[in-house]
Amino acid sequence: MRIFIVGAGALGLMYGLRLARGGAAITFVTRSDEQASLIAGQGGELVEEGEQFHVAANAVSITQCEALREDELPAAGDWIWLTVKQAHLSDELLSAVALLSARGAAVLCLQNGIGHLPRIVGALPAGTLVVPAISTEGALRESPGKVRYTGRGNLIFGPLHPGMRSAEEEEITQKMLVSVLAEAGISAELSNQMENRIYEKLLINAVINPLTAIFGVKNGELPLHPSRLRLMSALFMESRAILERSGLSEEYGSWEKVLAVCEATAANESSMLRDVQAGRTTEIDWINGGIAELARAAGIRSPLNDAVAAMVRALH
Ligand code: KPL
């Protein structure tokens, strides 16, 4: 099984280098030609538990995909991991993924927020196995070829809607990936509750990400101040009510879970705070903007989600 990692940001680089180190056949498909030549020429650096590992890997850029030979392209049984952020899911990038998936490879989607899956499915060849995933692992990219693995977590994936292939074939494809991941020491879980998992992650991101970005604090600092805690709680209640109307089950997405994530990632800056600090586009439109969309579709109001979305947009 070959794995093509589209996007070599923090998450893509962290998974790709850990997998390559574990012996998996990895090709990075980067957004820039420069990053592809850097990784292909010098390999990547993975910092894990205070140790630094040099890892060799193949790399091409999305514009170079068209020049790949038939035998270099992914085929049935291979995987394409889409690790770019929502803002980078451009038409150009999706055309490259369509080319890569034309011979039957499955596509794993690791985006935060909602709204991207129908777009991805629509851009890929009919019948492509598109699998949503969420990651609770921590990674910090220190340079285009170097990543620090900052927090052990889990990769959870599974079918969202029955695909065009048989359920049995889909299950085998996904179980094979779990075993390749296990060989590289990556803990993965197959779930048939992906809608709940995606909404639960969305709820956590909808509370922690905009508020850490607005207040400029680390995840662990957010609940420490009483007025910030009240704001967190109000944003949680509004978001939870909207997501429940959209199908979130009671067992997923509790207030305790949000606080537990703040504690488990206490020393981290949220991805949204990092984006704001680096002057990058944030994922606000797909997180709180996505919840506001769901609210509109259900005919309910979302004043706090609208407010934090407007404030975060004003920050960049
Ligand atoms: O997923 C995250 C993010 O920063 O985007 C959390 C869970 C908030 C951890 O930082």
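Predicted model: local features only at pLDDT ≥ 70, side-chain atom pairs only at ≥ 80, totals over all residues.

Reader: Why is P223 called buried?

Author: A residue counts as buried if 20 or more other C-beta atoms lie within 10 Å of its own. P223 has 20 C-beta neighbours inside 10 Å, and therefore it counts as buried. This residue lies in the loop between α6 and α7 (226–245).

Reader: What makes R228 a residue that P223 touches?

Author: Two residues are in contact if their C-beta atoms, placed from the backbone, lie within 7 Å. Leaving aside residues up to four places away in sequence, P223 touches R228, L229, M232, L259 and C262. By contrast, the C-alpha atoms of P223 and T173, which are 50 residues apart along the chain, are separated by 41 Å.

Reader: Why are β5 and β12 said to stand at the edges?

Author: The sheet is an open one of 8 strands with mixed pairing, in the order β5-β2-β1-β6-β7-β8-β11-β12. β5 (58–61) and β12 (188–190) each have a single partner strand, so one side of each is left without a neighbour in the sheet. From one strand to the next, the twist averages 25°.

Reader: How do you know that β7 and β8 pair?

Author: Two strands pair if at least two bridges are found between them. Strand β7 (residues 106–109) and strand β8 (residues 130–135) have 3 bridges, in the parallel sense, and thus they pair. Across this pairing, L108 stands opposite V131 in β8.

Reader: Which helices are placed against these strands?

Author: Helix α2 (residues 33–42) lies across β2 (25–30) and β5, and runs at about 165° to β5. Helix α3 (residues 91–100) packs on the sheet, where it touches β1 (2–6), β2, β6 (79–82) and β7, and its direction makes about 165° with that of β6.

Reader: What makes up the shell around the ligand, by class?

Author: The shell has 3 nonpolar, 8 polar and no charged residues. Among the residues that surround the ligand are N112, I204, N205, V261 and T265. In this classification Ile and Val count as nonpolar, so I204 and V261 belong to the nonpolar class. Helix α6 (residues 194–215) provides the largest share of the shell, 4 residues.

Reader: What does the record say about residues 3–160?

Author: In an unreviewed entry, UniProt lists them for "domain: Ketopantoate reductase N-terminal". In the model, this span is 25% helix and 34% strand, and its end C-alpha atoms lie 21 Å apart.

How values were computed
Residues numbered from 1 in each chain as written. Near = placed C-beta within 6 Å. Helix = DSSP H or I, 4+ residues; strand = E, 2+ residues; numbered from the N terminus. Axes fitted to C-alpha atoms, helices over the stretch in contact; angles between N-to-C directions. Buried ≥ 20, exposed ≤ 12 C-beta atoms within 10 Å, placed from the backbone. UniProt positions renumbered as here; feature names shortened; annotations may be inferred.
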